[in-house]
Amino acid sequence: MTTSHSHLQETDPAVAEAIAGEERRQENNLEMIASENHVSEAVLEAQGSVMTNKYAEGYPGERYYGGCEHMDTVENLAIDRAKQLYGAEHVNVQPHSGTQANMGVYFSVLEPGDRILSLDLNHGGHLSHGHHVNFSGQLYDVEQYGVDPDTGYIDYDAVAAQAVEFDPDMIVSGSSAYPREFDFERLSEIADEVGAYHLADIAHVTGLVAAGVHVNPVGDADFVTGSTHKTIRAGRGGMIMTTDEHAEAVDKAIFPGGQGGPLMHNIAGKAVGFGEALEPEFVDYAEQVVANAKTLADVFTDAGMAPVSGGTDKHLLLLDLRESHPDLTGEEAEDALDDVGITVNKNTVPGETRSPFVTSGIRVGTPALTTRGFDDDDMATVGELIVERLNNPDDPDVAASVQDEVDHLCAKNPVYE
């Protein structure tokens, strides 16, 4: 049987309709999940290319299979562009995800049972930083630090004291729902004081760091990992940045240690997205992402829904609903907003008392709407719509009014022309 040249609609209409439905959903909804974004058509084209057909186990110039000359070209482009964006000595672009990148770092220098000190999930951390349901929490002895309950900020003096007492082998910084910048330099100093490595996971802020609107941990931390599809808008996956000292150990931990053949179509998408991030316009985009998040913070604060820590330094806000909406769970808030075309996610908050499947808060992000062209005025309108809906979650007239405004905003700012 020869390879079919039929289009997807002819070959598999069920899958084609699901894809078309998702395209309609993205066009007709306000995507505000902080970890999501809209990539360019060029990135989509690269990820849907014949690169998916090729096995390229190994690294450029050292493949286990023949016929990899074009794979080498693409992977080297991704590596070189990442080095230019972040100033890293060594970059590995093969991790399939940010979690796989973290795994590669752990496997490169830690042994099972070694100690990790990281941010608690309920305080904004990530599963792959040592949560008990994740491999990281099952393989390593993990203790976690949190935010100050009064300020919502990390207390670095408290982290330093905890590190002395716990004596970790690695300190992990970075988060999925902490709205403030990390003091990477201070954490590296703490790590040095206790003889630990410092892994800075910039999964959410890769684009903001690349644009220079967020502090860059490269040069301070021993290892820097990140996702390549969030604020950086490149091909879906992860990457590791480190020094030449750890380059060989990291590469071996990824392949053959933790993964097989690289996803070369995704690496092609990474190369394209990194190239886009090198353009001057990307700095404007990143600055607007942060400005839009600060606008949202002001709207919520004025409405009596002050974000955790009082605001944000980056692309996301965490709203604890227990004071402003004590009868509304994060799950109910997510559903109420989803019903009117605003997509957020329920999220645990510091001092969480509910299940992670219910939660007491929501996480709200601005990268995807900023990609669509939303400015400060648009974002103020979006914030007001969120407030109105959450204040009246069971009012059908409010729901209809908010939905009409969402439809108008979406039509004014299409994802793909």
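Two strands are said to pair if DSSP finds at least two bridges between them; strands (E, at least two residues) and helices (H or I, at least four residues) are DSSP runs, numbered from the N terminus. The structure is a predicted model, in which local features need pLDDT of at least 70, side-chain atom pairs count only at pLDDT 80 or more, and totals for chains, interfaces and linings use all residues. Residues are numbered from 1 along each chain as its sequence is written, and side-chain values use heavy atoms, with hydrogens and water left out.

Strand β9 pairs with strand β10 (residues 238-242) in the antiparallel sense over 5 bridges, and Met239 of β10 is the bridge partner of Gly226. With strand β8 (residues 197-201), β9 forms a parallel pair over 3 bridges; here Asp201 stands opposite Thr225. The chain passes from β8 through helix α9 (residues 206-211) to β9 in a right-handed β-α-β crossover, that is, clockwise from the first strand over the helix to the second with the strands pointing away from the viewer.

In β9 (residues 223-227), 5 of the 5 residues are buried, so the strand is largely enclosed by the rest of the structure. Buried means under 20% relative accessible area, exposed over 50%, and partly exposed in between (1.4 Å probe, protein chains only). Phe223, Thr225 and Ser227 point one way from β9, and Val224 and Gly226 the other way.

An open sheet of 7 strands, with mixed pairing, has the order β4-β10-β9-β8-β7-β5-β6. At its edges stand β4 (90-92) and β6 (141-145), each with a single partner strand, so one side of each is left without a neighbour in the sheet.
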